[in-house]
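Thanks, everyone; I would like to walk through one model this morning, going from the overall fold to a few local details. Please keep the sequence and the structure in view while I talk.

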Amino acid sequence: MPDFPAHASPAFPPVASPRPQRRDRSVSELHLDHKRDQRTHPPLVSPAFTPPHTPFPEEGQRYDRQPRSIPVEPPDHDTDGEQARLLPKLPEVHCEVRARIPTTAGQEMFLHLYHNNVDDKEHLAIVFGPHIRSKSLDAPRPGETERDRMIRGAYVGTLYPGRTSSRLDQIRRDAGVPSPRPSAGFLGQLNGPAQQATPPSPSASSEASTDGSEFESSYPLEFGPPLVRIHSECYTGETVWSARCDCGEQLDEAARLMSLPAPTPASTPGSDAGEHQLLPNEKLPSCGGVIVYLRQEGRGIGLKEKLKAYNLQDLGHDTMEANLLLRHPGDARSYGLATALLLDLGMGGDRGIKLLTNNPEKVRAVEGPNREVRVVERVPMIPIAWKTGGKEGVQGAEVEKYLATKIEKFKHMFSG
Ligand SMILES: Nc1nc2c(ncn2[C@@H]2O[C@H](COP(=O)(O)OP(=O)(O)OP(=O)(O)O)[C@@H](O)[C@H]2O)c(=O)[nH]1
(Lines give C-alpha, C1' and ligand atoms only; values in the text may rest on other atoms or scores of the structure.)
Protein backbone atom coordinates (compact mmCIF):
# COMPACT_ATOMS: atom_id res chain seq x y z
CA MET A 1 0.00 0.00 0.00
CA PRO A 2 1.34 3.47 -0.83
CA ASP A 3 2.70 5.60 1.94
CA PHE A 4 -0.30 7.75 2.84
CA PRO A 5 -0.36 10.51 5.40
CA ALA A 6 -0.64 9.20 8.94
CA HIS A 7 -4.07 10.71 9.41
CA ALA A 8 -5.32 8.72 6.44
CA SER A 9 -4.95 5.45 8.25
CA PRO A 10 -7.21 4.34 11.06
CA ALA A 11 -4.45 1.96 12.12
CA PHE A 12 -2.22 4.79 13.30
CA PRO A 13 -2.49 5.74 16.94
CA PRO A 14 -3.83 9.27 17.53
CA VAL A 15 -0.36 10.48 18.53
CA ALA A 16 0.75 10.13 14.90
CA SER A 17 -2.10 12.28 13.70
CA PRO A 18 -1.46 15.96 12.92
CA ARG A 19 -4.25 16.89 15.29
CA PRO A 20 -6.06 14.99 18.03
CA GLN A 21 -9.06 12.99 16.90
CA ARG A 22 -11.91 14.07 19.11
CA ARG A 23 -13.81 10.94 20.05
CA ASP A 24 -15.42 11.55 23.39
CA ARG A 25 -15.73 14.47 25.72
CA SER A 26 -14.97 13.19 29.19
CA VAL A 27 -15.09 15.39 32.26
CA SER A 28 -11.75 17.03 32.84
CA GLU A 29 -10.31 19.50 35.28
CA LEU A 30 -10.71 22.11 32.58
CA HIS A 31 -14.46 21.82 32.79
CA LEU A 32 -15.86 23.49 35.86
CA ASP A 33 -19.42 22.67 34.99
CA HIS A 34 -19.48 18.92 35.51
CA LYS A 35 -23.24 18.68 35.16
CA ARG A 36 -22.93 19.96 31.63
CA ASP A 37 -20.46 17.23 30.75
CA GLN A 38 -22.44 14.45 32.36
CA ARG A 39 -25.50 15.06 30.28
CA THR A 40 -26.22 12.61 27.51
CA HIS A 41 -24.90 13.98 24.28
CA PRO A 42 -27.29 14.11 21.40
CA PRO A 43 -26.81 11.52 18.69
CA LEU A 44 -24.11 12.11 16.14
CA VAL A 45 -26.50 13.84 13.84
CA SER A 46 -29.42 15.58 15.44
CA PRO A 47 -32.97 14.67 14.38
CA ALA A 48 -33.41 18.07 12.75
CA PHE A 49 -31.46 16.91 9.73
CA THR A 50 -30.07 13.68 8.40
CA PRO A 51 -26.82 13.38 6.50
CA PRO A 52 -27.91 13.05 2.89
CA HIS A 53 -27.07 9.94 0.98
CA THR A 54 -23.74 10.56 -0.65
CA PRO A 55 -21.73 8.44 -3.03
CA PHE A 56 -19.20 7.21 -0.48
CA PRO A 57 -16.70 4.64 -1.58
CA GLU A 58 -17.33 1.23 -0.16
CA GLU A 59 -16.09 0.33 3.28
CA GLY A 60 -12.34 -0.16 3.26
CA GLN A 61 -11.80 1.96 0.14
CA ARG A 62 -12.09 5.34 1.77
CA TYR A 63 -8.44 6.02 2.30
CA ASP A 64 -6.80 5.22 -1.00
CA ARG A 65 -9.23 6.13 -3.75
CA GLN A 66 -9.60 9.36 -5.64
CA PRO A 67 -12.69 11.21 -4.41
CA ARG A 68 -15.83 11.11 -6.52
CA SER A 69 -16.90 14.42 -7.94
CA ILE A 70 -20.08 15.94 -9.27
CA PRO A 71 -20.20 17.88 -12.57
CA VAL A 72 -20.96 21.59 -12.10
CA GLU A 73 -23.32 23.33 -14.51
CA PRO A 74 -22.07 26.59 -16.04
CA PRO A 75 -23.44 29.56 -14.10
CA ASP A 76 -26.47 31.64 -14.98
CA HIS A 77 -24.86 34.98 -15.80
CA ASP A 78 -27.98 37.01 -15.05
CA THR A 79 -28.24 36.10 -11.40
CA ASP A 80 -25.15 34.34 -10.17
CA GLY A 81 -22.74 37.26 -10.26
CA GLU A 82 -24.91 39.30 -7.95
CA GLN A 83 -25.58 36.42 -5.57
CA ALA A 84 -21.89 35.63 -5.29
CA ARG A 85 -20.87 39.26 -4.60
CA LEU A 86 -18.25 39.29 -7.35
CA LEU A 87 -15.76 42.11 -7.53
CA PRO A 88 -15.78 43.75 -10.98
CA LYS A 89 -12.00 43.51 -11.17
CA LEU A 90 -9.68 40.83 -9.83
CA PRO A 91 -7.03 41.86 -7.30
CA GLU A 92 -3.39 41.80 -8.31
CA VAL A 93 -1.35 39.10 -6.62
CA HIS A 94 2.32 38.32 -6.56
CA CYS A 95 4.04 35.25 -5.14
CA GLU A 96 6.94 36.55 -3.08
CA VAL A 97 8.47 33.35 -1.83
CA ARG A 98 8.01 29.60 -1.97
CA ALA A 99 9.59 26.87 0.12
CA ARG A 100 9.50 23.10 0.32
CA ILE A 101 7.82 21.79 3.45
CA PRO A 102 8.20 18.13 4.36
CA THR A 103 5.11 17.34 6.41
CA THR A 104 4.59 15.23 9.49
CA ALA A 105 2.31 13.05 7.35
CA GLY A 106 5.21 12.14 5.05
CA GLN A 107 4.27 14.03 1.90
CA GLU A 108 5.94 17.21 0.78
CA MET A 109 4.28 20.40 -0.28
CA PHE A 110 5.43 23.81 -1.44
CA LEU A 111 4.17 26.73 0.58
CA HIS A 112 3.69 29.87 -1.56
CA LEU A 113 3.33 33.23 0.16
CA TYR A 114 1.49 35.97 -1.72
CA HIS A 115 1.38 39.74 -1.61
CA ASN A 116 -1.67 41.55 -3.05
CA ASN A 117 -3.02 45.04 -3.68
CA VAL A 118 -6.25 44.87 -1.63
CA ASP A 119 -5.13 43.96 1.89
CA ASP A 120 -1.87 43.50 3.79
CA LYS A 121 -2.43 39.89 4.77
CA GLU A 122 -0.16 37.00 3.81
CA HIS A 123 -2.49 34.74 1.84
CA LEU A 124 -1.03 31.35 1.00
CA ALA A 125 -1.12 28.63 -1.62
CA ILE A 126 -0.24 25.15 -0.40
CA VAL A 127 0.84 23.31 -3.53
CA PHE A 128 1.11 19.53 -3.75
CA GLY A 129 3.01 17.86 -6.57
CA PRO A 130 5.56 19.23 -9.06
CA HIS A 131 3.19 20.22 -11.84
CA ILE A 132 1.77 23.47 -10.52
CA ARG A 133 3.96 26.57 -10.63
CA SER A 134 3.49 30.25 -9.93
CA LYS A 135 3.97 32.57 -12.90
CA SER A 136 4.78 35.59 -10.75
CA LEU A 137 7.33 33.61 -8.76
CA ASP A 138 9.07 32.17 -11.82
CA ALA A 139 9.25 35.49 -13.69
CA PRO A 140 12.80 36.88 -13.66
CA ARG A 141 13.36 39.97 -11.48
CA PRO A 142 15.72 42.74 -12.51
CA GLY A 143 19.21 42.41 -11.15
CA GLU A 144 18.70 39.16 -9.31
CA THR A 145 21.36 36.46 -9.18
CA GLU A 146 20.77 32.74 -9.47
CA ARG A 147 21.27 32.50 -5.72
CA ASP A 148 18.58 35.17 -5.17
CA ARG A 149 16.20 33.10 -7.28
CA MET A 150 16.88 29.99 -5.27
CA ILE A 151 16.45 31.84 -1.98
CA ARG A 152 13.00 33.07 -2.98
CA GLY A 153 12.08 29.59 -4.19
CA ALA A 154 12.08 30.21 -7.96
CA TYR A 155 13.95 27.02 -8.76
CA VAL A 156 12.98 23.80 -10.50
CA GLY A 157 13.55 20.39 -8.97
CA THR A 158 15.18 20.17 -5.58
CA LEU A 159 17.71 22.34 -3.78
CA TYR A 160 20.85 20.66 -2.50
CA PRO A 161 24.07 21.91 -0.95
CA GLY A 162 26.27 23.41 -3.64
CA ARG A 163 23.56 23.93 -6.27
CA THR A 164 24.44 26.99 -8.30
CA SER A 165 21.57 27.48 -10.75
CA SER A 166 17.83 27.74 -10.27
CA ARG A 167 17.35 26.18 -13.70
CA LEU A 168 17.78 22.52 -14.55
CA ASP A 169 18.78 23.24 -18.14
CA GLN A 170 21.74 25.27 -16.91
CA ILE A 171 22.82 22.43 -14.64
CA ARG A 172 22.59 20.05 -17.59
CA ARG A 173 24.56 22.37 -19.85
CA ASP A 174 27.26 22.67 -17.21
CA ALA A 175 27.32 18.87 -16.99
CA GLY A 176 27.42 18.61 -20.83
CA VAL A 177 24.23 16.53 -21.17
CA PRO A 178 21.27 17.16 -23.49
CA SER A 179 17.72 17.78 -22.23
CA PRO A 180 15.61 14.75 -23.01
CA ARG A 181 11.80 14.71 -23.06
CA PRO A 182 10.00 14.50 -19.72
CA SER A 183 9.12 11.10 -18.39
CA ALA A 184 6.61 10.01 -15.78
CA GLY A 185 9.51 8.58 -13.81
CA PHE A 186 11.15 11.96 -13.56
CA LEU A 187 7.93 13.72 -12.62
CA GLY A 188 7.48 11.09 -9.95
CA GLN A 189 11.01 11.68 -8.75
CA LEU A 190 10.26 15.40 -8.36
CA ASN A 191 7.11 14.50 -6.51
CA GLY A 192 8.79 12.24 -4.02
CA PRO A 193 10.76 13.23 -0.95
CA ALA A 194 13.72 15.44 -1.67
CA GLN A 195 17.09 13.80 -2.10
CA GLN A 196 18.89 16.66 -0.46
CA ALA A 197 22.37 15.27 -0.48
CA THR A 198 22.57 14.46 -4.19
CA PRO A 199 22.18 16.76 -7.15
CA PRO A 200 19.67 15.62 -9.77
CA SER A 201 21.08 13.11 -12.19
CA PRO A 202 22.20 14.80 -15.42
CA SER A 203 20.09 12.23 -17.25
CA ALA A 204 16.95 13.45 -15.50
CA SER A 205 14.56 14.95 -18.00
CA SER A 206 12.33 17.97 -18.06
CA GLU A 207 10.97 20.54 -20.47
CA ALA A 208 13.49 23.04 -19.27
CA SER A 209 13.57 26.59 -20.53
CA THR A 210 15.75 29.44 -19.54
CA ASP A 211 12.98 31.63 -18.17
CA GLY A 212 12.26 29.23 -15.35
CA SER A 213 8.74 28.45 -16.57
CA GLU A 214 9.45 24.85 -17.43
CA PHE A 215 6.47 23.38 -15.61
CA GLU A 216 3.92 26.03 -16.33
CA SER A 217 0.81 24.32 -17.73
CA SER A 218 2.51 20.98 -17.32
CA TYR A 219 -0.29 19.53 -15.20
CA PRO A 220 -0.71 16.18 -17.00
CA LEU A 221 -3.84 15.95 -19.11
CA GLU A 222 -4.53 12.40 -17.98
CA PHE A 223 -4.98 13.61 -14.40
CA GLY A 224 -8.10 15.57 -15.39
CA PRO A 225 -8.92 18.94 -13.80
CA PRO A 226 -6.62 19.73 -10.84
CA LEU A 227 -8.06 19.40 -7.34
CA VAL A 228 -8.43 22.74 -5.54
CA ARG A 229 -9.60 23.72 -2.07
CA ILE A 230 -10.29 27.31 -1.07
CA HIS A 231 -9.84 27.21 2.69
CA SER A 232 -10.62 30.06 5.08
CA GLU A 233 -8.45 30.48 8.15
CA CYS A 234 -9.79 29.02 11.38
CA TYR A 235 -7.35 29.46 14.25
CA THR A 236 -9.67 27.74 16.69
CA GLY A 237 -10.37 24.66 14.58
CA GLU A 238 -6.91 24.28 13.03
CA THR A 239 -4.59 25.23 15.87
CA VAL A 240 -6.26 25.04 19.28
CA TRP A 241 -8.27 21.84 18.73
CA SER A 242 -11.77 23.37 18.75
CA ALA A 243 -14.57 20.84 18.28
CA ARG A 244 -17.04 23.61 17.46
CA CYS A 245 -16.36 23.19 13.73
CA ASP A 246 -14.83 20.75 11.25
CA CYS A 247 -12.34 23.22 9.72
CA GLY A 248 -9.25 21.37 10.98
CA GLU A 249 -10.27 18.02 9.61
CA GLN A 250 -11.28 19.62 6.31
CA LEU A 251 -7.77 21.02 5.92
CA ASP A 252 -6.26 17.61 6.72
CA GLU A 253 -8.63 15.86 4.34
CA ALA A 254 -7.82 18.24 1.47
CA ALA A 255 -4.10 17.59 1.98
CA ARG A 256 -4.69 13.85 2.11
CA LEU A 257 -6.68 13.82 -1.12
CA MET A 258 -4.02 15.88 -2.91
CA SER A 259 -1.38 13.38 -1.77
CA LEU A 260 -3.20 10.32 -3.13
CA PRO A 261 -1.41 8.52 -5.94
CA ALA A 262 -2.28 9.57 -9.45
CA PRO A 263 -4.58 7.16 -11.27
CA THR A 264 -2.67 4.17 -12.60
CA PRO A 265 -3.94 0.77 -13.67
CA ALA A 266 -3.07 -0.34 -10.15
CA SER A 267 -4.96 2.45 -8.37
CA THR A 268 -8.19 2.71 -10.31
CA PRO A 269 -11.35 1.31 -8.70
CA GLY A 270 -11.74 -2.39 -9.27
CA SER A 271 -8.04 -3.10 -9.52
CA ASP A 272 -5.76 -4.26 -6.78
CA ALA A 273 -3.39 -1.47 -5.80
CA GLY A 274 -1.36 -3.98 -3.88
CA GLU A 275 -0.20 -5.53 -7.15
CA HIS A 276 1.93 -2.50 -7.95
CA GLN A 277 5.47 -3.39 -6.98
CA LEU A 278 7.25 -0.29 -5.66
CA LEU A 279 11.00 -0.14 -5.55
CA PRO A 280 12.55 0.59 -2.14
CA ASN A 281 12.06 4.32 -1.34
CA GLU A 282 9.91 4.76 -4.45
CA LYS A 283 6.70 6.73 -4.06
CA LEU A 284 3.84 6.78 -6.51
CA PRO A 285 3.44 10.28 -7.92
CA SER A 286 0.33 12.07 -6.68
CA CYS A 287 -2.09 14.14 -8.75
CA GLY A 288 -1.28 17.00 -6.45
CA GLY A 289 -3.44 20.07 -6.18
CA VAL A 290 -3.69 23.41 -4.44
CA ILE A 291 -5.11 24.57 -1.14
CA VAL A 292 -5.59 28.32 -1.35
CA TYR A 293 -5.43 29.39 2.28
CA LEU A 294 -7.18 32.74 2.71
CA ARG A 295 -6.75 34.77 5.89
CA GLN A 296 -10.48 35.21 6.30
CA GLU A 297 -10.74 34.15 9.93
CA GLY A 298 -14.26 33.63 11.24
CA ARG A 299 -15.92 33.82 7.81
CA GLY A 300 -14.21 37.18 7.42
CA ILE A 301 -15.10 38.82 10.76
CA GLY A 302 -11.75 38.14 12.46
CA LEU A 303 -10.83 36.16 15.56
CA LYS A 304 -11.94 38.73 18.15
CA GLU A 305 -15.45 38.89 16.73
CA LYS A 306 -15.56 35.13 16.24
CA LEU A 307 -14.85 34.59 19.94
CA LYS A 308 -17.75 36.90 20.78
CA ALA A 309 -19.85 34.86 18.36
CA TYR A 310 -18.88 31.69 20.27
CA ASN A 311 -20.24 33.25 23.46
CA LEU A 312 -23.46 34.14 21.69
CA GLN A 313 -23.63 30.54 20.49
CA ASP A 314 -23.30 29.34 24.08
CA LEU A 315 -26.19 31.69 24.85
CA GLY A 316 -28.31 29.76 22.37
CA HIS A 317 -27.76 31.36 18.97
CA ASP A 318 -26.51 29.64 15.83
CA THR A 319 -23.45 30.77 13.86
CA MET A 320 -25.42 32.95 11.46
CA GLU A 321 -27.54 34.63 14.17
CA ALA A 322 -24.41 35.30 16.24
CA ASN A 323 -22.75 37.11 13.32
CA LEU A 324 -25.89 39.17 12.68
CA LEU A 325 -26.27 40.08 16.36
CA LEU A 326 -22.69 41.39 16.22
CA ARG A 327 -23.72 43.49 13.19
CA HIS A 328 -21.70 41.49 10.70
CA PRO A 329 -22.98 39.73 7.61
CA GLY A 330 -23.72 36.04 8.11
CA ASP A 331 -20.71 35.42 5.88
CA ALA A 332 -18.36 38.35 5.23
CA ARG A 333 -15.96 36.58 2.86
CA SER A 334 -15.09 37.19 -0.79
CA TYR A 335 -13.07 35.05 -3.18
CA GLY A 336 -11.47 37.41 -5.71
CA LEU A 337 -8.05 36.81 -4.17
CA ALA A 338 -8.52 33.07 -4.55
CA THR A 339 -9.36 33.50 -8.24
CA ALA A 340 -6.29 35.68 -8.76
CA LEU A 341 -4.02 33.16 -6.99
CA LEU A 342 -5.40 30.31 -9.07
CA LEU A 343 -4.75 32.24 -12.28
CA ASP A 344 -1.18 32.87 -11.15
CA LEU A 345 -0.84 29.13 -10.60
CA GLY A 346 -1.95 28.37 -14.15
CA MET A 347 -5.45 27.17 -13.27
CA GLY A 348 -7.39 29.41 -15.63
CA GLY A 349 -8.90 28.41 -18.94
CA ASP A 350 -11.19 25.74 -20.33
CA ARG A 351 -9.73 22.77 -18.60
CA GLY A 352 -11.16 23.95 -15.32
CA ILE A 353 -10.68 22.81 -11.76
CA LYS A 354 -12.26 20.32 -9.39
CA LEU A 355 -13.31 22.23 -6.26
CA LEU A 356 -13.49 20.58 -2.85
CA THR A 357 -16.39 22.30 -1.12
CA ASN A 358 -20.00 22.11 0.00
CA ASN A 359 -20.49 25.87 -0.29
CA PRO A 360 -22.49 26.84 -3.41
CA GLU A 361 -21.48 30.50 -3.17
CA LYS A 362 -17.82 29.54 -3.22
CA VAL A 363 -18.29 27.50 -6.41
CA ARG A 364 -19.58 30.54 -8.29
CA ALA A 365 -17.49 33.22 -6.63
CA VAL A 366 -14.13 31.56 -7.20
CA GLU A 367 -14.75 31.55 -10.96
CA GLY A 368 -14.30 35.33 -11.03
CA PRO A 369 -16.30 38.09 -12.78
CA ASN A 370 -15.57 36.79 -16.29
CA ARG A 371 -15.25 33.09 -15.49
CA GLU A 372 -11.49 33.40 -15.53
CA VAL A 373 -11.39 30.10 -13.63
CA ARG A 374 -13.93 27.36 -14.34
CA VAL A 375 -15.22 24.99 -11.71
CA VAL A 376 -16.13 21.96 -13.81
CA GLU A 377 -16.53 19.49 -10.96
CA ARG A 378 -17.28 19.72 -7.26
CA VAL A 379 -16.08 17.25 -4.65
CA PRO A 380 -18.27 17.36 -1.52
CA MET A 381 -16.50 17.50 1.84
CA ILE A 382 -18.35 15.04 4.02
CA PRO A 383 -17.62 15.24 7.76
CA ILE A 384 -15.43 12.29 8.73
CA ALA A 385 -17.79 11.39 11.59
CA TRP A 386 -20.55 10.85 9.04
CA LYS A 387 -18.32 8.73 6.85
CA THR A 388 -17.12 6.54 9.69
CA GLY A 389 -20.37 6.22 11.62
CA GLY A 390 -18.89 8.26 14.44
CA LYS A 391 -15.68 6.23 14.85
CA GLU A 392 -13.45 9.13 13.79
CA GLY A 393 -13.69 12.84 13.17
CA VAL A 394 -14.85 15.86 15.11
CA GLN A 395 -17.91 15.14 17.22
CA GLY A 396 -20.13 16.79 19.80
CA ALA A 397 -23.22 18.92 20.18
CA GLU A 398 -21.47 22.09 18.99
CA VAL A 399 -20.21 20.72 15.68
CA GLU A 400 -23.60 19.14 15.01
CA LYS A 401 -25.29 22.49 15.41
CA TYR A 402 -22.58 24.13 13.30
CA LEU A 403 -23.17 21.63 10.47
CA ALA A 404 -26.95 21.87 10.79
CA THR A 405 -26.76 25.66 10.41
CA LYS A 406 -24.51 25.30 7.36
CA ILE A 407 -27.15 23.10 5.73
CA GLU A 408 -30.27 24.94 6.84
CA LYS A 409 -29.17 28.57 6.66
CA PHE A 410 -26.08 28.71 4.43
CA LYS A 411 -27.53 26.07 2.05
CA HIS A 412 -24.34 24.03 1.93
CA MET A 413 -24.61 20.90 -0.18
CA PHE A 414 -23.32 17.77 1.51
CA SER A 415 -24.08 15.59 -1.50
CA GLY A 416 -24.75 15.96 -5.22
N1 LIG B 1 -18.22 33.70 12.40
C2 LIG B 1 -17.91 32.43 12.63
N3 LIG B 1 -17.02 31.84 11.82
C4 LIG B 1 -16.73 30.54 12.04
C5 LIG B 1 -17.27 29.81 13.10
N6 LIG B 1 -16.75 28.56 13.05
C7 LIG B 1 -15.91 28.53 12.02
N8 LIG B 1 -15.88 29.71 11.40
C9 LIG B 1 -15.14 30.13 10.22
O10 LIG B 1 -15.78 29.58 9.10
C11 LIG B 1 -14.85 29.54 8.02
C12 LIG B 1 -15.06 28.23 7.31
O13 LIG B 1 -16.31 28.34 6.71
P14 LIG B 1 -17.35 27.19 6.65
O15 LIG B 1 -18.72 27.82 6.57
O16 LIG B 1 -17.10 26.19 7.72
O17 LIG B 1 -17.07 26.42 5.34
P18 LIG B 1 -16.93 27.02 3.92
O19 LIG B 1 -15.50 27.39 3.75
O20 LIG B 1 -17.93 28.09 3.65
O21 LIG B 1 -17.39 25.78 3.04
P22 LIG B 1 -16.62 24.47 2.68
O23 LIG B 1 -15.76 24.80 1.49
O24 LIG B 1 -17.67 23.49 2.34
O25 LIG B 1 -15.82 24.08 3.87
C26 LIG B 1 -13.49 29.77 8.62
O27 LIG B 1 -13.08 31.10 8.33
C28 LIG B 1 -13.72 29.64 10.12
O29 LIG B 1 -12.86 30.47 10.88
C30 LIG B 1 -18.21 30.48 13.95
O31 LIG B 1 -18.74 29.90 14.88
N32 LIG B 1 -18.49 31.77 13.67
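The protein has 14 helices and eight strands, where helices (H or I, at least four residues) and strands (E, at least two) are DSSP runs, numbered from the N terminus. This is a predicted model, in which local features need pLDDT of at least 70 and side-chain atom pairs count only at pLDDT 80 or more, while totals for chains, interfaces and linings use all residues. Residues are numbered from 1 along each chain as its sequence is written, and side-chain values use heavy atoms, with hydrogens and water left out.

Of the 416 residues in the protein, 50% are buried, and here buried means under 20% relative accessible area, exposed means over 50%, and partly exposed is in between, with a 1.4 Å probe and protein chains only. If we take the contacts between residues at least 6 apart in sequence, 71% join residues at least 24 apart, a contact being heavy atoms within 4.5 Å.

Let me turn to the second largest pocket, which has a volume of about 670 Å³. Two or more lining residues come from each of β5 (227–232), α8 (247–258), α9 (303–314), α10 (319–325) and α14 (397–408), and α14 gives the most, with six residues. By type, the lining divides into nine nonpolar, 14 polar and 14 charged residues; Ala, Val, Leu, Ile, Met, Phe, Trp, Tyr, Cys and Pro count as nonpolar, Asp, Glu, Lys and Arg as charged, and the others, Gly among them, as polar. As for the terms, on a 1 Å grid over the protein atoms alone, a pocket is an open set of points where a 1.4 Å probe fits, with protein on both sides within 12 Å along at least five of seven lines, and lining residues have an atom within 4 Å of a point. Grid points are joined across faces, edges and corners, and the volume is the space filled by probe spheres set on the points.

Asn116 lies in strand β3 (residues 108–116) and, at 5% relative accessibility, counts as buried. Its side chain reaches the backbone nitrogen of Val118 at 2.6 Å, and a polar atom of the Asn116 side chain also lies 2.8 Å from the backbone nitrogen of Asp119. Neighbours within four places in sequence aside, Asn116 is in contact with Glu92, Val93, Lys121, His123 and Leu337.

Arg163 sits in the loop between α4 (146–151) and α5 (168–175), and its relative accessibility of 7% makes it buried. What do we find around its side chain? A polar atom there lies 2.7 Å from the backbone oxygen of Val156, and the Arg163 side chain reaches the backbone oxygen of Thr158 at 2.7 Å. With neighbours within four places set aside, the contacts of Arg163 include Met150, Tyr155, Leu168 and Ile171.

His328 lies in the loop between α10 and α11 and, at 22% relative accessibility, counts as partly exposed. A polar contact of 2.8 Å joins the side chains of His328 and Glu305, a polar contact being a pair of N or O atoms within 3.5 Å, where within protein one must be able to donate a hydrogen and the other to accept it, and residues adjacent in sequence count only if both atoms are side-chain atoms. The C-alpha atoms of His328 and Ile301 are separated by 7.1 Å, although these residues are 27 residues apart along the chain.

In that loop between α10 and α11 (336–344) we also find Arg327, which is exposed, with a relative accessible area of 77%, and whose phi is near 65°, a positive value in a residue other than glycine. Arg371, in the loop between α12 (360–365) and β8 (375–379), has a phi near 50°, again positive and not in a glycine, but Arg371 is buried, with a relative accessible area of 16%.

Finally, the structure holds two aromatic pairs. The ring centres of Tyr219 and Phe223 are 5.7 Å apart and their planes are at 80°, so this pair is edge-to-face; rings of Phe, Tyr and Trp (its six-membered ring) pair if their centres lie within 6.5 Å, with planes under 30 degrees apart counted as stacked, over 60 as edge-to-face and the rest as tilted. Both Tyr219 and Phe223 are buried. The rings of Trp386 and Phe414 have centres 5.2 Å apart and planes at 40°, so that pair is tilted. It links distant parts of the chain, with Trp386 in helix α13 (residues 384–387) and Phe414 in the segment after α14, 28 residues apart.
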